[in-house]
Amino acid sequence: MIKTEHLSKHYDRLTAVDDVTFEVGPGEVLGFLGPNGAGKTTTMRMLAGFVTPSAGRASICGHDVERDALAAKASLGYLPEGAPAYGEMTVRGFLMFIAELRELNGPRRARLEYVIGRLQLESVLEQTIDTLSKGFRRRVGLAQAIMHDPPVMILDEPTDGLDPNQKQEVRTLINEMARDKIIVISTHILEEVDAVCTRAIIIARGRIVADDSPQGLATRSRYHNAVSVRLERAADLSAARAALAGLPSVADVEVSEREARLTALPRSGTTILPAVSELVARQGLALKELHLESGRLDEVFRTITA
C-alpha cells in the first residue's frame, strides 16, 4: 500500500504541497491530476524519496520513505519527469547496469529480455541514449522503472513524447501491470485517466480538491446525462433548438453550427433522453447522430481547479 499522512512541502514562503493525505491499495491505478505548479511532481518525488517532506510522512508497502528508505525504494519503480539516464551508455548497457543495481541475479537475463521486448527496444539496443528520440528515451525510462518487477509503480507523465501507437502500447502495459501492482500516474492528459485509471485525485494549489473514480468525477459535469443531437440539415438547427429549449427538463441548449449539432443540458437531477428522443421523432428531424453523454472530465477539471 502507498500511504501519505498530512504530507507537506514548503520552500521558504512557497507551499508546494499542503497537508496531503491519501492511500492507494493493490489493483488501483491512481491518476494524479492538477494544473502546472499544483504540487503533483513534488508529491511524487516525496513518495519516491527524492524530496524530503517538510511535515507529515509517507510509506511504500509499510516502509517509511525517510526512516526505511532502502526498503521503500526496493519496493518501488519510479519514472521521474524527464527520465534522466547516462547519455553516453548504450540502451543495452544502461539496462544491464540497472539490473545490476537492482541485484537481479538468476532472473536477470529473462527479465532483461522481457523488458526489452515489451517496450520494443530491440532496434535501439546498441545506440547511445543521447542519440535517441524523445519517445525512445521515455521508453528506456519506463524500462528501468519496471526492471525489478516492483509491487508499486510511480509514473510521472509516462506517455510524454510518445506517438499515438506508443501511447496505446504503454497504456496496455499499465493495464496489464495493474492486476497485481499499485500504480500512481501523474498526467495532464485526461483521456489517459479514462483509459487506465480506476481512481483520480485532483490537486490544486498544493491541496487535494477531489478524490473519486473517473466515472464519479464525470457525474459532477453539467454535461452528465446531456443529450447530443447531430442533424442532417443545418437549416433545422434554429427550430430544433427552440423545441429542445421548451422541454421542462432541459436547462440549456448549446449549438454548434459547423457540426449541425445541438447539446441539450438537463436540469439538476433529471433525465432528458426519453423526452429528447420523443421530441426528435415528433418533429420528424433527420439525424446523423444522437447520444447520451456521461460527462466531461475536462470541464470538471477546469471548474475544480479554477
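This is a predicted model: local features need pLDDT of at least 70, side-chain atom pairs count only at pLDDT 80 or more; totals for chains, interfaces and linings use all residues.
I began with charged pairs, and the structure holds 25 salt bridges; I count one when a side-chain nitrogen of Lys or Arg is within 4 Å of a carboxyl oxygen of Asp or Glu. Residues are numbered from 1 along each chain as its sequence is written, and side-chain values use heavy atoms, with hydrogens and water left out.

**Sheet.** I traced an open sheet of six strands next, with mixed pairing and the order β6-β7-β8-β3-β9-β10. Strands (E, at least two residues) and helices (H or I, at least four) are DSSP runs numbered from the N terminus, and two strands pair if DSSP finds at least two bridges between them. The edges are β6 (76-79) and β10 (207-212), each with a single partner strand, so one side of each has no neighbour in the sheet. Neighbouring strands are turned by 15° against each other on average, direction ignored; axes are lines fitted to C-alpha atoms (for helices over the stretch in contact), and angles run from 0 to 180 degrees between N-to-C directions.

I then zoomed in on β7 (residues 152-156) and β8 (residues 182-186), which pair in the parallel sense over five bridges. M153 has I183 in β8 as its bridge partner.

**Helices on the sheet.** I found helix α5 (residues 134-146) packed on the sheet, where it touches β6 and β7; contact means heavy atoms within 4.5 Å. The direction of α5 makes about 170° with that of β6. Helix α1 (residues 40-47) lies across β3 (29-33), β6, β7, β8 and β9 (199-204), and runs at about 150° to β7.

**Salt bridges, one by one.** I looked up K134 and D160 first: their closest N and O atoms are 3.6 Å apart. K134 sits in helix α5 and D160 in the loop between β7 and α6 (164-177), 26 residues apart.

Which loops hold K181 and D149? K181 lies between α6 and β8 and D149 between α5 and β7, so their pair ties together parts 32 residues apart in sequence. The N to O distance there is 2.6 Å. K181 is buried, at 6% relative accessible area, whereas D149 is partly exposed at 43% (buried is under 20%, exposed over 50%, partly exposed in between, with a 1.4 Å probe and protein chains only).

R108 and E100 also meet, at 4.0 Å from N to O. Last, I noted a salt-bridge network that links E5, R57, D64 and R67.
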